[in-house]
Each structure stands twice: as C-alpha cells, then as structure tokens.
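Subject: Structure for your review, with notes on its cavities

Dear colleague,

Please find below the structure that I am handing over to you.

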Amino acid sequence: MSIENFEVKAYPEMWESLGMDVARFDKSRQMLGEVFSKTYLSQKNRPAKMKYFDGLIAEIFGGRIKEMLEVKKTGKPIVGTFCVYIPEEVVVAAGGVCVGLCGGSQGSIPDAEKILPRNICPMVKSAYGFKAGRICPYFQVVDFVYGETTCDAKKKTWEILDRLVPTHVMEIPQMKKKRDKQLWLEEVKDFKTRVEEVCNKTITPEDLGDAIKIINNKRKALQRLTRLRANHPAPISGKDGLLIEQIAFYDEPVRFAEKVNELCDELEQRLQNESGVVEKSAPRIMVSGTPMALPNWKVHNLIETAGAVVVNEESCIGSRYFKDLIDESKVDVDAQLDVLTDRYMQIDCSCFTPNDDRVDQVLKEYKDSNAQGILHYSLQFCHTYNIEEIKIREACEKYEIPYLSIESDYSPEDVGQLQTRIEAFLEQIREQ
Amino acid sequence: MQLGVDLGSRTIKVAAIVDDILLCHTKQESGFEPHQQAQDMLKQFQSGTIIATGYGRHLAQKHFADEVITEIKAHALGARHFFPDCRTILDVGGQDCKVISLTQAGKVSNFQMNDKCAAGTGRFLEIMAVSLGYTISEFGSAALESGQDVAINSMCTVFAESEVISMKNSGIPAADIARAVHLSVVSRLGGMLNRIGHGDEIVFSGGVANNSCIVQLLESKIGARVCVPSSPDLVGAIGAAIHAGKSAVNCG
C-alpha cells in the first residue's frame, strides 16, 4: 500500500442497511484515508509487519464491521464501550464482541453541539456526535452501549445518549477502599447478567477462563511491544505504537495478539541488527495523560515531525489498558469475577481520589521506557487529569525530568502554538 | 556574517551580527508572502548563515534559512545578549505572550505561552487603541495620564471591545478606559509570571515592551524591576543571529 493508492474502503450498501448517513459518512471515510496516508504511510523505515494494521484501517468501516455482523447473526452480544473499566472478558466469554466506540474526531462535534453544552470534554462530544449524526458504523452495529461514571460529562451524557441507543451505566467507585471493591464487584455481576440476557446463555467457568486467557494474551502482546519500544534507538515510531494501541479496542483479540507478536518478532530482529526507526540522537518522549482515541494523532505527529520519537503512552489508550493481568488459576465463576475485579481496581484513572499510584506509575514507566522527557497531555475540560497534572509536574520537578504540559482538543487551530511549544521542549532536552 | 530572521505574526525582523557586534537591523510589517518579503529584506545584507525563528520559521527554512530555532530559544539568547545575568524573560509580541525561565547558565528551564487567543498580546492593545481613537504610540502615554482605576472584565478581544464601547457611551474619559485596557493586560501578564515564578528582575521583550504604561504598571504589579532592551522587538531576531554563530551549519 503506497501513499498514492491507499484508501479506506467504502461499503455504501452495508452502511445504508445500518441506517447511516451514507453521503456524509463517505466524506469522512475519504478524509480518514487521506490523513492516514499523510500521517502514517509517509513515515520512513516502517516495520513491514505494520501492513496488517494499515489493512485494518483500510477495512475499518467494512471488513471489521462485517465480522461483527456475522457474530451478531448468531445471537451473540456486540457491546460498545468508552472506557478501560468495562470488563471485556465477560463479553468475550459470551462469545460476543466488545468494541471501543469512536470518539476522537472533530468532525462529529458539531452534531453533538446541537444539543450538548459546548464547554465539555471533546471526547464525550465527539462520541455523542457520531451516534447523533449516524456517522459511525460501530455505533450502528452494537446491541447496547456500556457507559461508566468516570466523569460528570460522561455520566450525564449517557442519559441523553440512551435516547438514541440503549445505554447502560456501570458505577465506578471513586476511592479504593474495601467497600469500593465490593461495589465494583456487584457492578461486574450486573454487567454479566445483562450480557447473558442478550445472548440467552449462561457464562460457564470454562467460557470465562478462556476469555481471561484471550484478553491476558492481548495485554501481554502489548506489554511486549512496549518493552521493545524501550530500546535505543526505538525500533518503531510512536505513531505506529499508538495506532496499535488504538486498534486494540476494535480488532478481534486472538488475531490481534498474534499480529502484534509477529510485529514484535520483526522488531527483535531489528534490534539485533541495531537498526532503529530514528537516529540515535532523536529525543525520546513519553506521553502521559488522557487517551487519544482514533484518529487523534495530533500530538504524536507534532512530536515526531519535530524529529523526536514517542516511546510510551501512559494513558487509557496505552499502558493503563494493558499493564495489569488477571490471575488465570481460578476455576469457578465467583472466584474468577473476584480476581477480575482485583485487576480492574488496579487501574489508576484520575477519577479516583487519592490516586498517587499513578504518579509512581508515571515515574516507573519513564524509567522503564528510557525516555528523556515527559509530555503531559490533557483534553480540554478534563478536570481530573488537568488537576492531577499538578502532582505529575511536581514529581518531574523533584526528579529533574524535562516536562511539558499541554491541554488541547481535536481542532487543528492550536497546531501552530503546540508546534512551537513542542519544538522548544525538544530544544531543552537536546541542550541537556 | 550571522543573520537572524524573526518571522513574527505581525512583523518581520532581521538582525545581522559580526564578531558579536550587532551591525544593523530592519523591520517590516508581515505581508502575504512572508518568506519572499524576508528574502527581499535580506538582500541588503552580505551573505551568511541564516537562522529563522517565529511563526514563519519553517516556511523560511523551506525557502532560504539554514536552520530554525523556536522563539523561546531565540528570546533566551537575545535577552542574554542585552542582560547577561537574566533569569526570567517576558515576551509580548503581536499574537502571543510567553514567559521563559533560564538556568544560571542561560539554558531554558521552563516556559509558558498563552493559549490559542490574542488576549494580553500586542494585537489586543492595537484593537483597543483603534476603538478609542488612539494610535498605538499614543496609547500608552494617554493611559499614563489617567489616575483613575476603572476595570475591564473581559480578556477576550472581541468581548473587551464591546465593553470598551459601552464604557465610552457611558461617558468615561478615553484616557481612563485606555488605562483600564492596560491594567487588564498587565493583570494577565502578572498572572503568567507568578505562575512560573520570577526573581527581582525580569527582561521584557517584544514590541509591547515599547509601551511605557505597560512597563510601569507591570513593575508595581509584580514588585520586580522590569528591564527593557534598547530594541525590544528585535530580541528574537538577535537571538537567532547569535545562534547562527553557534550553528553547525555555519557557512561563513
């Protein structure tokens, strides 16, 4: 696939049958293809095994949707989510598909602003807009959406979204006391019941055990990729790393893990030949903060265009999604759900208070990834990450880690300003 | 010869340095094709290493510049040229304002820039001056003549302009409103300086440093001495020219 002939494939008939606004959606499809080839296919020295992931972008509105429709035909559940707290193991145990829904694009925000307030998180607006404008095939395929209470904007938007697509909400605790785990366990059990209702099937310990292994394997593959990115020079670009982390939320998990591992084999080969994707002198940046949902490649693109390489994402679309695994030794459903809940309670989202584990995790990942500076990224109006940024900044000051904090949304209007800040940050690192 | 070109949002500045001495400089308002304009401005100089900075730096590199540095680094180098011990720089240009902290050795240790709007910048002052019937050079001295502290509440250029219009129409003298505009800019700049921290002395660069009212109000607001170099709007171009002497692409 060369830059010239790459396109995101069109499936107008299928889109029509899904009740989409086909004419409008087709324009976003073309735009995604153009942005992807400009941002991704123009990169030099890409690993050959990225071809699979490029292919998934080409088929993002077609091939993968078809697969989901096949699953749906058999009566299995298709569950849409927006958060790493929704236990996908339960959906996979029921033979269903758990898919992270669209929420990373400026294009759907005007649809949302017809009804939602303007001064709220762009991810929430973008997500709502995709459904309201009927411009996301994944939204059209799902049986229901599972939302959560990680922030006020999401929590209240689910009530409005429910008018367009059945939206259930899991209550995420805000602290990590013993009774909070109990609350979360009850929520997980309710979730399981809801999934079982849709597919009219009781999840067995074998089903759940297999699903835990499948998702553990997916997370392990991503951990392996992250470890490889820690090498100097980095064997793969940060943009490609981020792309894979984004695709992790919609690809079939077994195949995905296999393909990530194949890519890792190639990267290991590269390391043996000491060939990196960038020069050894390129500054190594770790990105920490709020998730970058597909196709939000803005910050990575600015960093790497300025000659640096991103080596780690401490984010929900990043290490927060795959750093913890579930104990695979349990053989009855209650015990399995208990260890599953333990794993999910380790997620260090800024919606918790206190959340000092995250500060330690950021420092640990900084060290593990051999980065030379941290860029903290927060979406506009994301109060919890924006305020928690104070503690991350203080920790960086304490350990003399070069640090830059930016707050942005999906619009391109601040690209010039961000470029100057990022380049100045890289100048700072290069002069050290 | 070392040449520094600062392609700013409102003006283009060129500075030439030979043997650490600033030989000459020139400044023009930015037109539609800033790279072409900058190249024309460079014609009066002998050839040398050209370093570009400012918003148009990458465009300049595409056409003629040997290397680029950010405005942050350029101002750090330029400010040290005038004040060798300086640790804090406030730069207020046409469309943005920034605060830069330096280490003792002169390296950038921290910086802040305004967000994506013109509040507290040169453009804000220009628009307010026009709506009050002043030229930009009269604006500061008019404000200094007023002893009244009237407040403008809006920092948004568009909203502040309508606030100014309603103040005019309620009979408040133009000089008092001018002072209110200056106070609002100073309050924003003071906030940025306090956020990043500063010592007893700050260097104030960028075209807005030519406004004596801003300088005076800022000194009393932050309780520090505000040092303004002789040509504050040239600090970026001078910094770029200084960098030309250190650059690896030095071609004489």
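What volume does the largest cavity have? The largest cavity has a volume of about 90 Å³. Please bear in mind that the model is predicted. In total, the structure holds three cavities of 30 Å³ or more, and two of these are described here.

Largest cavity

The lining consists of 13 residues. Those that lie nearest the centre of this cavity are A:Thr81, A:Glu88, A:Cys98, A:Phe249 and A:Tyr321. By class, nine of the lining residues are nonpolar, two are polar and two are charged. Strand E2 of chain A (residues 97–100) provides the largest share of the lining, namely three residues. Two domains of chain A take part: domain 1 (12–178) and domain 2 (215–324 + 349–430) each contribute at least three residues to the lining.

Second largest cavity

This cavity contains about 40 Å³ of space. Its lining brings in residues of chain A, namely A:Ala424, A:Glu427, A:Gln428 and A:Glu431, and residues of chain B, namely B:Thr70, B:Ile72, B:Lys73 and B:Val108. Helix H19 (415–431) of chain A and helix H3 (71–82) of chain B each supply at least two lining residues. The most comes from H19(A), which gives four residues. The lining of the second largest cavity divides into three nonpolar, two polar and three charged residues.

Yours sincerely

Terms used
Residues are numbered from 1 along each chain as its sequence is written. Chains are lettered from A and ligands numbered from 1 in the order in which they are written. This is a predicted model: local features need pLDDT of at least 70, side-chain atom pairs count only at pLDDT 80 or more; totals for chains, interfaces and linings use all residues. Side-chain values use heavy atoms; hydrogens and water are left out. On a 1 Å grid over the protein atoms alone, a cavity is a set of points where a 1.4 Å probe fits but cannot get out, and a pocket is an open set with protein on both sides within 12 Å along at least five of seven lines; lining residues have an atom within 4 Å of a point. Grid points are joined across faces, edges and corners, and a volume is the space filled by probe spheres set on the points. Ala, Val, Leu, Ile, Met, Phe, Trp, Tyr, Cys and Pro count as nonpolar, Asp, Glu, Lys and Arg as charged, and the others, Gly among them, as polar. Domain bounds come from an automatic or database domain assignment.
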